[in-house]
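Try each task before you read the solution.

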Amino acid sequence: MDHDGLPKLDGALIHFRLDPRTGVPAYRQLVDQVRHGVRLGVLQPGDQLPSVREVVTQISINPNTVHRAYRELEAAGLAEGRPGLGTFVLAPATPPITAEHQTELQDELDRWVGKARAAGVDDEGIQALVAMSLLERDDRNVNEERVAR
Amino acid sequence: MTWVAWRVQRLQFLAAAAAVLIFALWLLTTAMHEHTALTIFSQRCSGGQPAPICAILGHRYFQSQRWDSANRLILYAIPGILGVILGAPLVAREVEHGTSRVAWTQSITRTHWLAAKLLVAGLVTAAVIGLLIPLEQWWTGTLQLGPHINPDTFDVSGIVNLGYGLFAFMLGAALGAVFRRTGWAIVAGLPLFVLFRALVRFTIRPGLVSPEFATASPNPFAPSIGNAWALNSGYVPLGRTTPATGQTWNSGTNAFFRCFSPALKQFQGSDAVAGAHCATVTKLHFVVRYQPESRYWALQTAETAVFLAAGLVLLGITVLAVRRWRT
Amino acid sequence: MTDTVTALETSGLGKRYGRTWGLQDCSFLLPQGRVAALVGPNGSGKSTLLRMAAGITVPTAGEVRVLGSSPQDQTVDVLTRIGYLDQERPLYKTLRVEEMLRFGRSLNPAWDDQLARRYLAELDISLRSRVGKLSTGQQAQVALTLCLAKRPELLLLDEPVAALDPLARQRLMQVLLGSVVDGGITVLLSSHALSDLEVVCDYVIILSASHVQLADDLDRVLATHRLLVGPRRDPSAVPNGVEIVSATHTERQSNWLVRAEQPVTDPSWEVVQPTLEEVVLAYLRDQASGGKVSLRSPSAPEHAGNHTNNEDVGAR
C-alpha cells in the first residue's frame, strides 16, 4: 500500500495507454502523455520515466516507438537520457498548471463553447477546431525550438 | 534425445513386450504339458508290454501336441511382425502427426534424431526377440522336433531370429521414411519381408556354407546321412557330385530308373543285382547333397549376417530419406 | 559480431506444389532486431515462406538465408538460432506438459527452463496435464513456450495469436517484446489480424497471390504511401512519379492509394496519410493486376472481396 492508502501497481510513475483509433501515431501519444503528466504535476522534474522494457510490458508496443518518443522528449527539452540509468524528466519550459489557473481556463472555455454553439458549430466541429489550433501551435513550437538551438 | 525416443514410443514398446511375454508364457505352458505327457508315456509304455493305461497316456500325449503347429507358426511370425510394427511408425508417425516439424526445428540434426530413435527402438526389438531365443532353443529341444538344421526348426531357434527381427525393423523404418505413412509401411513391409525371407531360404541358405556330399558308391542306393538337412539327392554321373551341366537331379534319377525297372524283372526282383547292373550300364551313382547338423551354428551366423547386411542397406535408405526429405 | 548479418534474406525464393506455385519470386531483406509482420490472405504463401526459412521445406527456386546461413544446411549452429512455430502447433499429445519441457531441455543447449515454467504458470497451465487434454489455445501456448524457451535469435511464428484469448495474447506480446528489448532477437510473425500488429511491428511484408507485394520498414511504408482523394477522374490524371496501388471509385469521387518517393504537392488532390491497414488492404485487394488498376465504369461488376474500405459504395 502506498502512503495515501491506494494500492501501488508497480514501480513506474505513469502508465501509458494507446488509443489506436485516434489516428495519432503511437510515439506521439506517448510524448503527449508525458507532456500532459508534466503539466498536471504528476511528473516532477527528476522523476524517472518508465524504462523501455517497462513500457513494452505494459502496452504491447514496439520498443523503437518508445525510443523515438523519448528521443523527441529529449529534443523538446522535456527529458534527459542518462546512460545506464534511464530517462529522467527535466524542468518544463512552462510551469505546471495551478488550481486557480485551471478554474480560470475552464470558465473561459465554457464561454467560448457557448459562443461556438450559438454560431451553429456542433461537437465534432468544436473538437476539430481545438485539434487544429493545437496542431498548428505544436508545429510552431517545435519549429521555434529547433531554430533556437 | 534417448529419453525422447523412448518416451514417445513407450506405449508401443511395452505393448509389444507384453504381447510377446504372454505368448512366451503360453508356449512354456503348452511345452511343459507336452513334455510331461511324453515323459510319463515313455516311462510307462516303452517296455514292450503295453498296459491298458498306455492307450490313454498315448492319447493324452497326442492331444498335447495339438498346439505345436500353431505355436511354430507364431514363432515364425513374431520377428517379422514385431520388427515391422516397431519400425514403421518411427519416422512415418511423426510426419503424419506433424511432430516432425517440432523435432526437426530443435537444436539437433535430423541424423542425430534418427540415430537415437533407431537405436532405442532397435534395441527394444533386439531385446524382446533376444529373450525369446533361449525359450525357442529349449522348446525345440524339449519337444524333439527333429534336427535343428532342418528349415522347420532352423527358423524358429537360434540367432537368425535376431537377424529377421532387425531386418524387419529396418524395413519398416525405411518404408515409413519413404512413404511417410505408417499404414502403407506396414502393409508393404510384411509381404516384402516374407518375400525376402523366402528368397534367402531357398536360394541363399543352401549355399551359405558349402554343403556336404554323401554317396554309398559303389552301392547305387541312397546312403544314410543321419541328422541332416537334405538339399538335393538323386543319380548323377560317376565321378561327379552334382548333375552334369544342363541336367537336373531328376534327369539322372529318371535315366537310372529307365534301366532299373526292366532290370528288376530281368534279375527276378533282386534290388542289389539289378542296381549293380544299372550302375555299370548308366554310369550313374546316388549322391546326397546335405547340410549336417554340425553346421547349425555356422549357418545360423551366416544367415544372420545376410539379414543384418540387408538391414544396413535399408538403414542407408532411411537416412537418405530423412535427410533429403522436405515436404 | 554478426551485426551486419541480416536476420532473413530471400532472393527469388519460390515453392511449387505440383503445378501451382505456393510462393513465387520472393525477394526481401529483413534486418536484425525487427519485429516483422507477414500479412496476406490464406493461400498466399505465408506458411510456405516460414517453413522454408525454418528449413522444413526445400525451395523449388531461389534461395533463403537465415542469419547468414542456409537453413537447409541443418548444422546444429543454425538450428539452435532459429525458433519455429508451425501453424498446426504439432505436439506430442500423449506427453505431459512437463515432459514436453523435458523434451525441449534435452534437445536444446540454450534452453531456459525458468522462462518456460514462469510463462506457463502465468497462463495457469498445469505442468501435470496431458498435452492432448489441453484446449486448442493452451496447446498453442505450450507450443509457443517451446519456441521461446529455446532462446533463438530469430523467431518464425505462424499465426501465433490466432487461437489466443486477449489475456494470453497480451502475455505473449509481453514476452516477445521483452525479449526484443533485451536484445539480439528478431521476430517474424504471420497474422490475419492487422490491428494488433500495427503497434507492435516495425517491418511489414505483404504477400498476395503468392508474390511479395511489399517488404519494408513500417516507417518507410507509411512515409511513402499516400491516399489521394478527389473528384472522379481517369488514372492518367494522377501526378507523375506516383505508382498506383489501388483505387476505389464512386460516381463522384476517386480514392487512389499510391506509392510515392517524393511528397505529392498537386493541389487538385487532397492528400491523406493512410493507416497501415489501408495500405495492406490496398495491396491485397488488387493482387491480380500487380498493383496497376484501370478505371472501372459505373456499370462494371464489382470484384468479389473488393471495397473492404467503406469509402466506396457502388452507385446503384
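**Exercise 1.** Why is strand 3 of chain C largely enclosed by the rest of the structure?

*Solution.* First, some housekeeping. This is a predicted model, where local features need pLDDT of at least 70, side-chain atom pairs count only at pLDDT 80 or more, and totals for chains, interfaces and linings use all residues. Residues are numbered from 1 along each chain as its sequence is written, while chains are lettered from A and ligands numbered from 1 in the order in which they are written.

Step 1: count the buried positions. A residue is buried if 20 or more other C-beta atoms lie within 10 Å of its own, exposed if 12 or fewer, and partly exposed in between, with C-beta atoms placed from the backbone. In strand 3 of chain C, 5 of the 5 residues are buried, so the strand is largely enclosed by the rest of the structure. Strands here are DSSP runs of E with at least two residues, helices are runs of H or I with at least four, and both are numbered from the N terminus.

Step 2: check both faces. In a regular strand the side chains alternate between the two faces of the sheet. Here C:Val35, C:Ala37 and C:Val39 sit on one side, C:Ala36 and C:Leu38 on the other, and all are buried.

Step 3: Two strands pair if DSSP finds at least two bridges between them. Strand 3 of chain C runs parallel to strand 7 of chain C, joined by 5 bridges, with C:Ala36 opposite C:Leu188. Strand 3 is also parallel to strand 8 of chain C, through 4 bridges; there, C:Ala37 has C:Val204 as its bridge partner.

**Exercise 2.** In what order do the strands of the open sheet in chain C run, and which are the edge strands?

*Solution.* Step 1: read across the sheet. Its 6 strands come in the order 5-6-7-3-8-9, with mixed pairing.

Step 1: find the ends. Strand 5 (82-85) and strand 9 (211-217) of chain C are the edges, each pairing on one side only. From one strand to the next, the twist averages 10°.

Step 2: Strand 5 of chain C pairs with strand 6 (residues 154-158) of chain C in the parallel sense over 4 bridges, and C:Gly83 stands opposite C:Leu155 in strand 6.

Step 3: see what lies across it. Helix 1 (residues 46-54) of chain C lies across strands 3, 5, 6, 7 and 8 of chain C, at about 150° to strand 6. That angle is between N-to-C directions, on a scale from 0 to 180 degrees, using axes fitted to C-alpha atoms (for helices, over the stretch in contact).

**Exercise 3.** Which residues have the most contacts inside the largest nonpolar core?

*Solution.* Step 1: define the core. It is a set of buried Ala, Val, Leu, Ile, Met, Phe, Trp, Tyr and Cys residues joined through C-beta atoms within 7 Å.

Step 1: name the residues. The largest such core has 160 residues, and C:Ala36, C:Leu156 and C:Val187 have the most contacts inside it. Helix 8 (residues 160-179) of chain B gives the most to this core, with 13 residues. Apart from it lies another core of 20 residues, including B:Ile149 and B:Tyr296.

Step 2: follow one residue. Leaving aside neighbours within four places in sequence, C:Val187 is in contact (C-beta atoms, placed from the backbone, within 7 Å) with C:Val35, C:Ala36, C:Leu155, C:Leu157, C:Leu176 and C:Val180.

**Exercise 4.** Which chains share the most contacts, and how many residues does each give?

*Solution.* Step 1: pick the pair. Of the 2 pairs of chains in contact, chains B and C share the most contacts. Chain A and chain B do not touch, and their nearest C-alpha atoms are 27 Å apart.

Step 1: count. The contact between B and C takes 19 residues from chain B and 22 from chain C. Helix 1 of chain B gives the most to the chain B side, with 4 residues.
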